[in-house]
Amino acid sequence: MASFISLEYYCNMKSTHPLLILTFCICISYISGFAQNNSYTPVEIQNSIHGQFLEQLTGSDREKYLENIESLPELRLMLDCEQANIGVIFFQNCDNGQEFFFIETEDGEILDPYFDDGIDFSYYSGQLVMFDYEIPTFDSPCSFSTAITITCIEEIVIPVTPVLMNAFLEGAYDMATGKMTNHLLTDNILPLAQPFNTPTYNYAGEEAFASYDEFPENTVDWVLLEAHSGTPEIEGGDGTTIAERQAALIMKNGQVLGLDGTPLQFKNLPYGESYYFILRHRNHLDIMSAWSITSSASLSVFNFTFSDDQALGNLQLKDIGNGTTVMFSGDYNQDGDIQVSDFDAWKLNPASIDTYSLTDGNLDGVTQVTDMDFWFVNRAKLGLPDAKQ
Ligand SMILES: [Ca+2]
Ligand SMILES: [Ca+2]
């Protein structure tokens, strides 16, 4: 049984971390052991699906545990969060309809912060928190999770910056419809996972679909959208650094959307800072926004489809008439410029079908002479230094 434990509360509003807009600390710790003679038998962790308990403690085991918990005489306050475990607090009904709170960590581990009266975990339900914890000497009360003693909780407010971008890829653009074709989707050629995990981009993001029918019906191709901090250079070296990037989909109407078909949300851009955005495609010339935006909760919109002055640098968009601008096709070796070496890449395999190839400049799933034609008219086009990182 518990030998000696003390309780205090401490609430302190402060801002100590860029990500912590609001910090609310409740700090508790044991000063001695607890429930040394607990006879509860733990249940194995079998799954970590949010809110879904595959096995629960029932009957006498749970009641026995609760008897021990409710006998806690005291807890004691501690102030500083020294560790940085991050997780989301969820709640679920335990047996007999009682609410039960648990934390799923970044690593997918399920932790059980069940505790004594006086701490209202419902305040944190659904929120991302930073927390310290200790492994106590007792086991989880009602689930397959690992019991923990929470020693500090800090609420984290994520600075979500929604971004909606519009652009056309020259190779796929159809003058007759004013939209892009999507042969790669309809011919079942698109890869299920984002294709930017190559040396040029080295992007290790896990954006992917489980099956082909999950692609939005108007998907044209994968793109990579990057937020850059700093001041870009028109010539010479790059002046910005990548702050955050995400793989996305470009649609027939030019919209760049997340895999769920909604505008992208950047979550690592502290509010009030300035960012330029770069749109990258695997065989078109990458483009950078002509100006920066200030990160905020408001939707930031970039539209590269109507004027070349929307992209930073010297004519980085191609004016094809009728008030339409498109991204240049022909960067077949992904080095940020369109030049002879791109022709050389095309020439290595100038004829193939049903292919997701870098040299398929018009994105129809076939590599042939018409793709070389796109390169030919654009063949002396230098990209922006900041887009070559
Ligand atoms: Ca090139
Ligand atoms: Ca082609």
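Tutor: Let's start with helix H3, whose buried residues pack against strand S22 (337-338) and helix H4 (369-378). Keep in mind that this is a predicted model.

Student: Which residues of helix H3 are buried?

Tutor: H3 spans residues 340-348, and its buried residues are Asp342, Ala345 and Trp346. They sit on the same side of H3, because they cover an arc of only 95 degrees around the axis.

Student: Why do residues three or four places apart point the same way in an α-helix?

Tutor: The general idea is that an α-helix has 3.6 residues a turn, so residues at that spacing point the same way. Back in our helix, look at the other side of H3: Val340, Ser341, Asp344, Lys347 and Leu348 are exposed there.

Student: Now the whole chain, please. How many helices and strands does the chain have?

Tutor: You will find four helices and 23 strands. Of the 389 residues in the chain, 36% are buried. Among contacts with a separation of 6 or more, 66% join residues 24 or more positions apart.

Student: Which residues have the most contacts inside the largest nonpolar core?

Tutor: They are Ala167, Leu169, Leu225, Phe277, Leu279, Ile287 and Met327, in a core of 54 residues. Strand S12 (residues 219-230) supplies the largest share of this core, six residues. A second, separate core has eight residues, including Ile89, Phe102, Ile110 and Phe131.

Student: What is isoleucine 287 in contact with, leaving aside its neighbours within four places in sequence?

Tutor: With those neighbours set aside, the contacts of isoleucine 287 are Ala167, Ile278, Leu279, Phe304, Ala311, Gln316, Leu317 and Met327.

Note on methods. Residues numbered from 1 in each chain as written. Chains lettered and ligands numbered in written order. Predicted model: local features only at pLDDT ≥ 70, side-chain atom pairs only at ≥ 80, totals over all residues. Buried ≥ 20, exposed ≤ 12 C-beta atoms within 10 Å, placed from the backbone. Helix = DSSP H or I, 4+ residues; strand = E, 2+ residues; numbered from the N terminus. Arc of directions from axis to C-beta. Contact = placed C-beta atoms within 7 Å. Core = buried A, V, L, I, M, F, W, Y, C linked by C-beta atoms within 7 Å.
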